[in-house]
Amino acid sequence: MANSGFPLMPKYQRILSGMGENIKLARLRRKLSAEQVAMRAGISRPTLVSIEKGVDSVSMGAYFMVLHVLNLSSDFLLLAKDDVLGRRLQDLGLTVKKRAPKK
């Protein structure tokens, strides 16, 4: 895997590898060659191979363009869609203002 400047934990590397495998399977189901997808996405074939291997140094933009070519760009919107932890933390920080006493 390419060095992205910081070590990626094995658990997260497996997630990226699984995502790359899913992208490769989607390409193969559509009977598209790596050259076709790379050309349509505006990336090089080696970059597409890196995406399909789950290399962590490939830009999100390249991933998005490949998903767009495979007609899966709406899946990109599912990333961090439901931030349950963030909403709970936000709710804990909200203060409820008390009403002023009636005169």
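Modeller: Two salt bridges (a side-chain nitrogen of Lys or Arg within 4 Å of a carboxyl oxygen of Asp or Glu) are found in a search of the whole structure. The model is predicted, so local features need pLDDT of at least 70 and side-chain atom pairs pLDDT 80 or more, while totals for chains, interfaces and linings use all residues. Residues are numbered from 1 along each chain as its sequence is written, and side-chain values use heavy atoms, leaving out hydrogens and water.

Arg27 and Glu52 form a salt bridge in which the closest N and O atoms are 2.6 Å apart. This pair joins distant parts of the chain, since Arg27 belongs to helix α1 and Glu52, 25 residues apart from it, to helix α3. Helices here are DSSP runs of H or I with at least four residues, numbered from the N terminus.

Helix α3 spans residues 45-53 and packs against helix α4, residues 60-69, at an angle of about 90 degrees, with the axes 11 Å apart. The axes are lines fitted to C-alpha atoms over the stretch in contact, and angles between N-to-C directions run from 0 to 180 degrees. Helix α3 is therefore roughly perpendicular to α4, a term covering 65 to 115 degrees.

On the α3 side, Thr47, Leu48 and Ile51 make the contact, and on the α4 side Ala62, Tyr63 and Val66; contact means heavy atoms within 4.5 Å. By class, five of these residues are nonpolar, one is polar and none is charged. In this scheme Ala, Val, Leu, Ile, Met, Phe, Trp, Tyr, Cys and Pro are nonpolar, Asp, Glu, Lys and Arg charged, and the others, including Gly, polar.

How values were computed: Helix = DSSP H or I, 4+ residues; strand = E, 2+ residues; numbered from the N terminus. Parallel < 35°, antiparallel > 145°, perpendicular 65-115°, else oblique.
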